[in-house]
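Please examine the structure shown here. How do the terms used for a protein model follow from its values?

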Amino acid sequence: MLGVLTGFTVVWIIILAGYLIGRLGVLGDNAQTVLSRLAFFVASPALLLVTLSDADLGTVFSLPLLVAAASALLTAVVFVLCTRWWLRRPLPEALISAMSSSLVNAANLGLPIAVYVLGDAAYIAPVLIFQLAFFTPLFLMALDTSTSGRRTSLLSFLAQTVRNPIIIGTLIGLFLGATGLELPVIILEPVTLIGGAAVPAMLLAFGISLVGSRPLRRDGGRRADVMLASAFKLVLQPALAYLLARFVLGMEGHLLFAVVVTAALPTAQNVFVAATRYEEGVLVAKDTVLVTTVLSLPVLVLIAALLA
């Protein structure tokens, strides 16, 4: 338990440092964008490559992947039913809100939590692969179908997924781990050093993003949607993950803790990107990302107190 709390303390301190950097304008106006792009396009792929090349792939990709998929799908389906029957939202808006309630921030916050709290970045890999290769394309195809004038083929989704740098790093790491091959030291060392920049860059960028943030400042008639999506994301999804893992699959110990923590991560920021693209549910996506991001760390600490 002490190690878990230490991990959260490290995360909070780096986020606070990022917030102070943002408040003082030390790195300029584009600091968040630059740090986020550095982490996404360069450092995170390197970190996942190195981590997965040494990971126990059987442990990482068997039951945890099943829990991540089932809990996310159940949460999204229940949320769509609620917003369609109770709040009477149009289907495209309900789909965006459902993404807000179930798509976790596995890269920007998930990787640091996996490293410092769970002790291994490999724990986040099943969630990353499930979301990038299946869950997000599924939502976008549904949005294409329900939104007039927009049609995107399955092949274009697959091509976009394969070009994702995080997926590329993950696939190379999985290949090395499965085959037992090792990179030459002259290549492995610089890749490892670059991967070491991923976590601090993500957390600093996250801290900078909190400067001036005010969730629910505008009502827009969607406050109920935001609060419901936030509750589903931070309460229902981890609760479903726990029930599935503990009582259906018989998981326990640190592995149980890991799957519940990954399910309790906040809403992914790319939900807002999708909302902007389809011009549906933009306010819900924006505010749910912010609310869940701010509240997720206290929720994760509570989960650690109960399960770690």
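Predicted model: local features only at pLDDT ≥ 70, side-chain atom pairs only at ≥ 80, totals over all residues.

Residues are numbered from 1 along each chain as its sequence is written, and side-chain values use heavy atoms, with hydrogens and water left out.

Q: Why is Glu93 called buried?
A: Buried means under 20% relative accessible area, exposed over 50%, and partly exposed in between (1.4 Å probe, protein chains only). Glu93 has 8% relative accessibility and therefore counts as buried.

Q: Which residues does Glu93 touch, not counting residues up to four places away in sequence?
A: They are Arg222, Asp225, Glu280 and Gly281. Contact means heavy atoms within 4.5 Å.

Q: What makes Arg89 and Asp225 a salt bridge?
A: The term requires a side-chain nitrogen of Lys or Arg within 4 Å of a carboxyl oxygen of Asp or Glu. The closest N and O atoms of Arg89 and Asp225 are 2.7 Å apart, so the pair meets this rule. The pair links distant parts of the chain, 136 residues apart: Arg89 is in the loop between helix 4 (63–85) and helix 5, and Asp225 is in helix 12 (residues 223–248). Helices here are DSSP runs (H or I, at least four residues), numbered from the N terminus.

Q: Why is Asp225 called buried?
A: Its relative accessible area is 0%, so Asp225 is buried. Arg89, at 14% relative accessibility, also counts as buried.

Key
Helix = DSSP H or I, 4+ residues; strand = E, 2+ residues; numbered from the N terminus.
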